[in-house]
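I opened this model to see how its parts pack together. My notes follow in the order I looked things up.

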Amino acid sequence: FQPRRCSSTFGELDQRSVARLLQLGNLTESDSFVDIGSGLGKLVVVAAVLTSAKMCYGVELSPSRHQKACEAVDRLYDGGYLSLAERQRICMVCADCGDEEKRLPDGILQASHFIITVKRSHLAVNRLRANLADSGPLLDGRPRVLWSVAFTMPIRAGMKLTGRYTISGFELPRRIEPGPSVASEGVHTGDFVVSEYTLTVRAEASS
């Protein structure tokens, strides 16, 4: 699932920009964070370190990137860069948010904050939103927060656009000419707009 002759960090968002977004979200021990399209898991680690969220999940479609993310988290812990408490709050999942037959785990669907960085069809995002609605409201009755990167989600029942933010763009690898592969650190694209939505699900809507 990784493009040929492409940096393994293709599509990774700028961590400092997302850190500011997480601070604005003010996640507490009652919250859980999910990165849909988590790639190498960098944003999940940032969320575990900078917030008090009880769980931080990364959902990635590509098995190769999912494996790299798991290995990276283990190396950070083994090297002393993550505490035991932070490591225990990180969970990487290899899954397709648009799969009609296999839903995401309940722990993810019951999370409070989602950042949607997956660059797939609108169908996959709509399926995720439908699964969130079907999973019922959060236990404390609060709306879920959805941050959509460079993608304006159509407003559906229970949704409300609450804000827009600007963050630094995706990392793109330098162009590699025909011949032997060349290592590349890549460059960043221009800034992206992140749209913030709330999704309120009523108990009777999920029955």
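**Entry 1: helix H1.** I began with helix H1, residues 15-25, and asked which of its residues are buried. Ser 17, Val 18, Ala 19, Leu 21 and Leu 22 are. Buried means under 20% relative accessible area, exposed over 50%, and partly exposed in between, with a 1.4 Å probe and protein chains only. Helices (H or I, at least four residues) and strands (E, at least two) are DSSP runs, numbered from the N terminus.

This is a predicted model: local features need pLDDT of at least 70, side-chain atom pairs count only at pLDDT 80 or more, and totals for chains, interfaces and linings use all residues. Residues are numbered from 1 along each chain as its sequence is written, and side-chain values use heavy atoms, with hydrogens and water left out.

Next I listed what the buried residues of H1 pack against. The strands are E1 (32-36), E4 (113-116), E5 (144-149), E6 (159-167) and E9 (192-199), and the helix is H2 (42-50). Contact means heavy atoms within 4.5 Å.

**Entry 2: Asn 26.** Just after H1, I stopped at Asn 26. Asn 26 is not a glycine, yet its phi is positive, about 50°. Most residues other than glycine have a negative phi. Asn 26 lies in the loop between H1 and E1. Buried or exposed? Asn 26 is exposed, with a relative accessible area of 57%.

**Entry 3: strand E1.** I moved on to E1. 5 of the 5 residues of E1 are buried, so E1 is largely enclosed by the rest of the structure. In a regular strand the side chains alternate between the two faces of the sheet. In E1, Ser 32, Val 34 and Ile 36 point one way, while Phe 33 and Asp 35 point the other way. I then checked the pairing. E1 runs parallel to strand E2 (residues 55-60), and 5 bridges join them. Two strands pair if DSSP finds at least two bridges between them. Ile 36 has Val 59 in E2 as its bridge partner.

**Entry 4: strand E5.** How many residues of E5 are buried? The count is 6 of 6. Arg 144, Leu 146 and Ser 148 are on one side, and Val 145, Trp 147 and Val 149 are on the other. E5 runs parallel to E4, with 4 bridges joining them. His 113 stands opposite Val 145. E5 also runs antiparallel to E9, with 6 bridges. There, Val 149 has Val 194 as its bridge partner.

**Entry 5: Ala 111 and Ile 116.** I looked up Ala 111, in the loop between helix H5 (106-109) and E4. Ala 111 counts as buried because its relative accessibility is 0%. Leaving aside neighbours within four places in sequence, I found Ala 111 in contact with Ser 32, Val 34, Leu 138 and Arg 144. Ala 111 and Val 145 are 34 residues apart in sequence, and their C-alpha atoms are 9.2 Å apart.

Ile 116 is in strand E4. Ile 116 is also buried, at 3% relative accessible area. Beyond four places in sequence, its contacts include Ile 36, Trp 147 and Met 153. Ile 116 and Gly 37 are 79 residues apart in sequence but 6.7 Å apart in space, C-alpha to C-alpha.

**Entry 6: the cores.** A nonpolar core is a set of buried Ala, Val, Leu, Ile, Met, Phe, Trp, Tyr and Cys residues joined through side-chain atoms within 4.5 Å. The largest has 25 residues, and Leu 22, Phe 33, Cys 56, Ile 90, Ile 115 and Trp 147 touch the most other members. H1, H2, helix H3 (63-78), strand E3 (90-94) and E5 each give two or more residues to this core. H2 gives the largest share, 6 residues. Another core lies apart from it, with 23 residues, among them Val 34, Tyr 57, Cys 97 and Met 153.

**Entry 7: the whole protein.** The protein has 6 helices and 9 strands. Of its 207 residues, 43% are buried. Among contacts between residues at least 6 apart in sequence, 75% join residues at least 24 apart.
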